[in-house]
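Subject: Structure for you to look at, with notes

Dear colleague,

I am handing over a structure that I would like you to open beside this email.

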Amino acid sequence: MSWNNIIGQKRQIRVLQQALATGRLAHAYLFTGPDGSGKESVAFEIASLLNCQNVATGSEAGSCGVCPDCTLIHEFMHPNVEYIFPVESALLEPGESAKKENKRFTDAKERYDALLEQKKQNPYLSPAMERSMGILTEQIISLQHKAMFMPSEGSKKIFIISQAERLHPSAANKLLKLLEEPPPHVLFILVSSRPEALLPTIRSRCQAIRFSRITAQELRLWLQENRPEITEPELSFIVNFSRGNLRLAWEFINNRDSNSSETATILLRNQALDYLRLLLTPSRFHEAITSCEQNAKNLSRSDLTLFLAALLLFFQDANHRRINPDFQELNNPDISDAIDRFAKNFPNPDFFQISTITEEAIRAIERNASPLLVMTSFTSEIKGLLQRG
Ligand SMILES: [Zn+2]
């Protein structure tokens, strides 16, 4: 990441660049704004800038991304950068020597590492372990200990706290103590899309920077400049699909990069529509269940996300055409016939509820929930909603 790779947020970045250039960084920031607007990417870029070996003071270019410090930060292994997000308590069970034999711990650690791996692939992901009760007191106690050690000369320790609204109450109180007497060598960056859920006393000790939702135009321009190989209709599909959420846009781009065929996305969409067809044909429901099980087993998490996203875009199209049969700005203009047929056959479903359920399923897949469970319950809920419609 360097500043140039961060989409939008020009004003917010300028404020931070100025603070960095003049050595006037606050000791604690609170980055707020919608999911997928790039808050954490900016936090990590600041961490990189403060540690990168190839950055001139006052430079606006950003971190180099390749020096040992930048690499360690990207791997979540840099001694000066602590990244905190909601984890399961099993991960924090005491007793270093006992840990090796503790199956609960090793299983939790595997899930934790898998999330970090996903975060490496998608910098806009805010990871949280599925069975987490929030950011736990032990995590903040560990920060307290780490805050006592000085970093190497001239550098700072950076504590990035993702989804800060999920701080457990006693963890929040411990963090407040740290913020009240901040060690001079520590920079806190709290990140939250629901800052109103944070303790007011914590909020008041942080300088707030509010991120805005990325507009379709900003994303389109960035893709045209940086990924010129992505052309229509795929370009519009990505822009429409992500609706200002860079986490979703990135899933698409990653998926595209890992599939040699440029039509892989479209194939996945057609597969999703085949499944929907089975689901809606009463005599073939058992085939839909089989198809759902196979997809859950065979598709990667990223492909499953796109599979569900393709359905979401299709439902949106159907809803638009239901309200206005002349609606022209379809996400899927190449299959307008199928969209019209669907809108005619299902004239009155609860599209709001259908979208909510689909978005929830996408989030659950991203949060490492069991694909089979998510897809099975998605299948029965969607069937129920469309039947009632
Ligand atoms: Zn570097």
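The notes below go through the sheet, then the helix packing, and then a few single residues.

Please bear in mind that this is a predicted model, in which local features need pLDDT of at least 70 and side-chain atom pairs count only at pLDDT 80 or more, while totals for chains, interfaces and linings use all residues. Residues are numbered from 1 along each chain as its sequence is written. Helices (H or I, at least four residues) and strands (E, at least two) are DSSP runs, numbered from the N terminus.

The sheet

Strands of a sheet pair through backbone hydrogen bonds, either parallel or antiparallel. Here there is an open sheet of five strands in the order 2-3-4-1-5, with parallel pairing, where two strands pair if DSSP finds at least two bridges between them. Strand 2 (81-84) and strand 5 (207-210) stand at the edges with a single partner strand each, so one side of each is left without a neighbour in the sheet. From one strand to the next, the twist averages 15 degrees.

Strand 3 (residues 157-161) pairs with strand 4 (residues 186-192) in the parallel sense over five bridges, and in this pairing Phe159 stands opposite Phe188, while Ile161 stands opposite Leu190. Strand 2 also runs parallel to strand 3, and four bridges join them, with Val81 standing opposite Ile158.

In a regular strand the side chains alternate between the two faces of the sheet. In strand 3 both faces are covered, with Lys157, Phe159 and Ile161 buried on one side and Ile158 and Ile160 buried on the other. A residue is buried if 20 or more other C-beta atoms lie within 10 Å of its own, exposed if 12 or fewer, and partly exposed in between, the C-beta atoms being placed from the backbone.

Helix 2 (residues 39-49) touches strand 1 (28-32), strand 2, strand 3 and strand 4, and its direction makes about 170 degrees with that of strand 4. Helix 6 (residues 137-148) touches strand 2, strand 3 and strand 4, and its direction makes about 170 degrees with that of strand 2.

Helix packing

Two packed helices are described by the angle between their axes and the distance between the axes. The axes of helix 14 (residues 301-323) and helix 15 (residues 336-345) come within 9 Å and cross at roughly 65 degrees. That makes the two helices roughly perpendicular, given that angles under 35 degrees count as roughly parallel, over 145 as roughly antiparallel, 65 to 115 as roughly perpendicular and the rest as oblique. On the helix 14 side, Phe314, Asp317, Ala318, Arg321 and Arg322 meet Ile339, Asp340, Phe342 and Ala343 of helix 15. The residues of this contact divide into five nonpolar, no polar and four charged, where Ala, Val, Leu, Ile, Met, Phe, Trp, Tyr, Cys and Pro count as nonpolar, Asp, Glu, Lys and Arg as charged, and the others, Gly among them, as polar.

Helix 14 also packs with helix 11, at an angle of about 120 degrees and with the axes 10 Å apart, and these two helices are therefore oblique to each other. Leu248, Glu251, Phe252, Asn254 and Asn255 in helix 11 meet Ser302, Asp303, Thr305, Leu306 and Ala309 in helix 14, and the residues of this contact divide into four nonpolar, four polar and two charged.

Single residues

Ile253 lies in helix 11 (residues 246-258) and is partly exposed, with 17 other C-beta atoms within 10 Å. Ile253 and Ile238 are 15 residues apart in sequence, and their C-alpha atoms are 8.3 Å apart in space.

Gln9, in the segment before helix 1 (10-21), has a positive phi of about 55 degrees although it is not a glycine, and with 24 C-beta neighbours inside 10 Å it counts as buried. Phe76, in the loop between helix 3 (68-74) and strand 2, has a positive phi of about 60 degrees although it is not a glycine, and with 15 C-beta neighbours inside 10 Å it counts as partly exposed.

How values were computed
Axes fitted to C-alpha atoms, helices over the stretch in contact; angles between N-to-C directions. Contact = placed C-beta atoms within 7 Å.
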